[in-house]
Amino acid sequence: MYVIAHLSDPHLDGTEEARARLRRITSYVSSFSRPVDVVLVTGDLADHGLPEEYAEVASELSLDVPVLVLPGNHDVSSPLRTGLASFVTSPGEGHPVHQVRDVGGARFVLVDSTVPGADHGLISPDSLTWLDGVLREPFDGPLFVAMHHPPLNLRHPVMDQWKLEQQAPLAEVLTAKPITAILTGHVHTAITTTFAGHPVLGAPGIRSTVPYDFEPTPTTSFLDPTAHPGLALHVHSPGEPFQTTFRYPL
Ligand SMILES: [Fe+2]
Ligand SMILES: [Fe+2]
């Protein structure tokens, strides 16, 4: 059994509020009687992409298990690469921060879906060529594609301004590839859907939750900052269907 603790969107900004919400999740994961095989954090690690925020991210994610991170639209490539050098293995400099990481028999293809200075997502033609090549490499084991922006329309008037653009060419690359699941963040809500024939599993938002606009919120914002932070637990067992649960520890 292979267990992924999938976290997303801690948006650390030096405040006790943000730090406490992330610690609720990391302390929960650290309390398991069986260590998870990997912790994956799908972006918006820092709220403003500042070096001091990445120092905090590095400190809070110093866990006893492997930790993988990728950038979201609130992150900035260069300070992320510098501040999280012990977590990130990506060729080149600056943007994009693509990674291929093998952890305990599973492969994680961590795709940088961000556009510098913008909130929407886009995977450039060059990045799609890179991704296609990676997914054509022979690999015997569960393979996950992870990115910040989920390939879907959330049907939310605010979040869909910041969705992943140009989804069709990505679907072309992903179709018929041996992908166990696509793991995402950004929309601050637990998501299960499909894309290009694969499961898409989005982790809940740690910093806040985005309800649909027809759901109640405690403020006039589209965000609910009072909702419990959560995480996804993905479990892979050879010969069994892939399985996900969502947890909102108190
Ligand atoms: Fe976010
Ligand atoms: Fe985001």
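Colleague: How many bridges join strand β1 to strand β10, and which way do the two run?

Modeller: In this predicted model, five bridges join β1, residues 2–7, to β10, residues 231–236. The two strands run antiparallel.

Colleague: Which residue in β10 is the bridge partner of valine 3?

Modeller: The partner of valine 3 is valine 235 in β10.

Colleague: What does helix α1 touch when it packs on the sheet?

Modeller: Helix α1, residues 16–30, touches β1, β2 (38–41), β10 and β11. The direction of α1 makes about 170° with that of β1.

Colleague: Now the sheet as a whole. What is the strand order?

Modeller: The order is β3-β2-β1-β10-β11 in an open sheet of five strands, and the pairing is mixed.

Colleague: Which strands stand at the edges, and why is one side of each left without a neighbour?

Modeller: The edge strands are β3 (67–69) and β11 (243–247). Each has a single partner strand, so one side of each has no neighbour in the sheet.

Colleague: How are neighbouring strands turned against each other?

Modeller: On average they are turned by 20°, with direction ignored.

Colleague: And what holds paired strands together in general?

Modeller: Strands of a sheet pair through backbone hydrogen bonds, either parallel or antiparallel.

Colleague: Changing topic to backbone geometry: which residues does the cis peptide bond join?

Modeller: The cis bond joins histidine 95 and proline 96, with omega at about -5°. Proline 96 is placed in the loop between α3 (77–83) and β4 (99–103).

Colleague: What is phi for arginine 155, then?

Modeller: Arginine 155 has a positive phi of about 65°, although it is not a glycine. Its place is in the loop between β6 (143–147) and α5 (167–174).

Colleague: Is arginine 155 buried or exposed?

Modeller: Arginine 155 counts as exposed, because its relative accessibility is 70% and the cut-off for exposed is over 50%.

Colleague: Where does glutamine 166 lie, and what is its phi?

Modeller: Glutamine 166 lies in the loop between β6 and α5. Its phi is near 50°, a positive value in a residue other than glycine. Glutamine 166 counts as exposed, at 54% relative accessibility.

Colleague: Finally, what feature does UniProt place at residues 4–189?

Modeller: The unreviewed UniProt entry places "domain: Calcineurin-like phosphoesterase" there. Over residues 4–189 the chain is 28% helix and 17% strand, and the end C-alpha atoms are 18 Å apart.

Conventions: Residues are numbered from 1 along each chain as its sequence is written. Chains are lettered from A and ligands numbered from 1 in the order in which they are written. This is a predicted model: local features need pLDDT of at least 70, side-chain atom pairs count only at pLDDT 80 or more; totals for chains, interfaces and linings use all residues. Side-chain values use heavy atoms; hydrogens and water are left out. Two strands pair if DSSP finds at least two bridges between them. Helices (H or I, at least four residues) and strands (E, at least two) are DSSP runs, numbered from the N terminus. Axes are lines fitted to C-alpha atoms, for helices over the stretch in contact, and angles run from 0 to 180 degrees between N-to-C directions. Contact means heavy atoms within 4.5 Å. Buried means under 20% relative accessible area, exposed over 50%, partly exposed in between (1.4 Å probe, protein chains only). UniProt positions are given in the numbering used here, feature names are shortened, and annotations may be inferred rather than shown by experiment.
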